Amino acid sequence: MTENATNVLSSAEPPDVSIVVVNYNTGYLLDSMFAALNAAAASLRIETIVIDNASTDDSIDVLESKYPFVTLIKNRTNVGFGRANNQAIPVVRGRYVLLLNTDAFVAPATLVQTVDFMNNNAACGVLGVKLVGADGTLQPSCRYFPTPWNVFLVRSGLAQFFPTTRLVDDMNWDHASIRQCDWVPGCYYLIRTEVIRQVGLFDPRFFLYYEEVDHCRAVRDAGWRVMYYPYTQVTHIGGESAKTEGAITDIGHQISSLQIESELLYFRKYFGLRGVLASIVLSLLADAISIIKRILKTFDIKEATAAFEHISAMLKVLVATGFASRPTR
């Protein structure tokens, strides 16, 4: 990997792919991530740009001592995932830009196959791949845009009663075919550089979560396709950086204050104040349903703690953001 990257940086010829990695306290994952990239680079010319978001672990030492070929941008404060990725825009030189999480490990064929797909499909602006967990379990990889209604159906457990509603995550197919979708997760996010020049990258109001959802909307609105590619995969651990950003509650899925904030900001951006209010009302209803279910099941109100905590966090975020009119950081 070091030799390949050095060759790229010493040559006047632009690389095929600019790989952009945002790191926050995940120094222990860097060796595994770079080893996977090394195995996947093949004949592709790549450059690697790492933005460190003021890590307090040994990340900087690892990067500077083991990976001197990396273009390293060191932030004094944690500016968030979206804003950190944006910092790479003036630096990238590749025909394609790959946003890669430190907890996402590419299969050996992933880079070559996805770049070949982009080369042969000029209308594809953003490409994602099959994502699996460390145990091989399929993760949501080909997703639809969230709305206050479809988010409510999942959180309330009522989705089965509305089979015609398109949910954010449709897992009821084998994920074995190429298809167009609304958005793909940002842990492996291959973008045509032309698209970034046209529509930009991430909206800085999203500190963490929803930045790729918002970006895919902009990409699609500009006439490009967002595609899912199933013939290779990325092992994604998930949530490693977010673990250091405060407690995460367990209610259906992991929902942190950061995720609540980004969701409300997204709904305000695309559905206006009415969308935010609808989201709040439906979220309160979903939490009430969760509380009732848990109490009826265990006859212990303590079992409903997570739902109460979510209600409290949501209302605090609503006030702090001025009804989702501004980010808190």
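Mentor: Arg 155 sits in helix H6, which covers residues 148–156. Keep in mind throughout that this is a predicted model. With a relative accessible area of 26%, Arg 155 is partly exposed. Its side chain makes a polar contact of 2.7 Å with the side chain of Glu 263. The pair also counts as a salt bridge, and 2.7 Å is the separation of the closest N and O atoms. Because Arg 155 belongs to helix H6 and Glu 263 to helix H9, this bridge ties together parts that are 108 residues apart in sequence.

Now take the other end of the bridge. Glu 263 lies in H9, a helix running from residue 257 to residue 298. Its relative accessibility is 5%, so Glu 263 counts as buried; the cut-off for buried is under 20%. Beyond residues up to four places away in sequence, Glu 263 touches Val 151, Arg 155, Tyr 210 and Ser 279.

Helix H9 also takes part in a second bridge. Lys 269 forms a salt bridge with Asp 203, with 2.8 Å between the closest N and O atoms. Since Lys 269 is in H9 and Asp 203 is in the loop between helix H7 (193–199) and helix H8 (211–221), the pair ties together parts that are 66 residues apart in sequence. Asp 203 is buried at 12% relative accessibility, whereas Lys 269, at 33%, is partly exposed. Both residues belong to a network of salt bridges that also links Arg 205 and Asp 214.

In total there are 10 salt bridges. Another of them joins Arg 93 to Glu 47, with the closest N and O atoms 3.5 Å apart. Arg 93 is in the loop between helix H4 (81–86) and strand E4 (96–100), and Glu 47 is in strand E2 (residues 46–53), so this pair ties together parts 46 residues apart in sequence. Glu 47 is buried, at 3%, and Arg 93 is partly exposed, at 32%.

The largest nonpolar core has 49 residues, and Val 20, Ile 51, Leu 99, Val 126, Tyr 189, Ile 191 and Leu 264 are the ones that touch the most other members. H9 gives this core its largest share, 8 residues. A separate core of 39 residues includes Ile 19, Met 33, Leu 131 and Leu 190.

Leaving aside neighbours within four places in sequence, its contacts include Val 20, Tyr 189 and Ile 191, along with Asn 85. For a sense of distance, the C-alpha atoms of Asn 85 and Arg 155 are 30 Å apart, and these two residues are 70 apart in sequence.

In H5 (residues 110–120), the buried residues are Thr 110, Leu 111, Thr 114, Val 115, Phe 117 and Met 118. Viewed down the axis of H5, these fall within an arc of 155 degrees, so they line one face of the helix. An α-helix has 3.6 residues a turn, so residues three or four places apart point the same way.

Key. Residues are numbered from 1 along each chain as its sequence is written. This is a predicted model: local features need pLDDT of at least 70, side-chain atom pairs count only at pLDDT 80 or more; totals for chains, interfaces and linings use all residues. Side-chain values use heavy atoms; hydrogens and water are left out. Helices (H or I, at least four residues) and strands (E, at least two) are DSSP runs, numbered from the N terminus. Buried means under 20% relative accessible area, exposed over 50%, partly exposed in between (1.4 Å probe, protein chains only). Contact means heavy atoms within 4.5 Å. A nonpolar core is a set of buried Ala, Val, Leu, Ile, Met, Phe, Trp, Tyr and Cys residues joined through side-chain atoms within 4.5 Å. A polar contact is a pair of N or O atoms within 3.5 Å; within protein, one must be able to donate a hydrogen and the other to accept it, and residues adjacent in sequence count only if both atoms are side-chain atoms. The arc is that of the directions from the helix axis to the C-beta atoms. A salt bridge is a side-chain nitrogen of Lys or Arg within 4 Å of a carboxyl oxygen of Asp or Glu.
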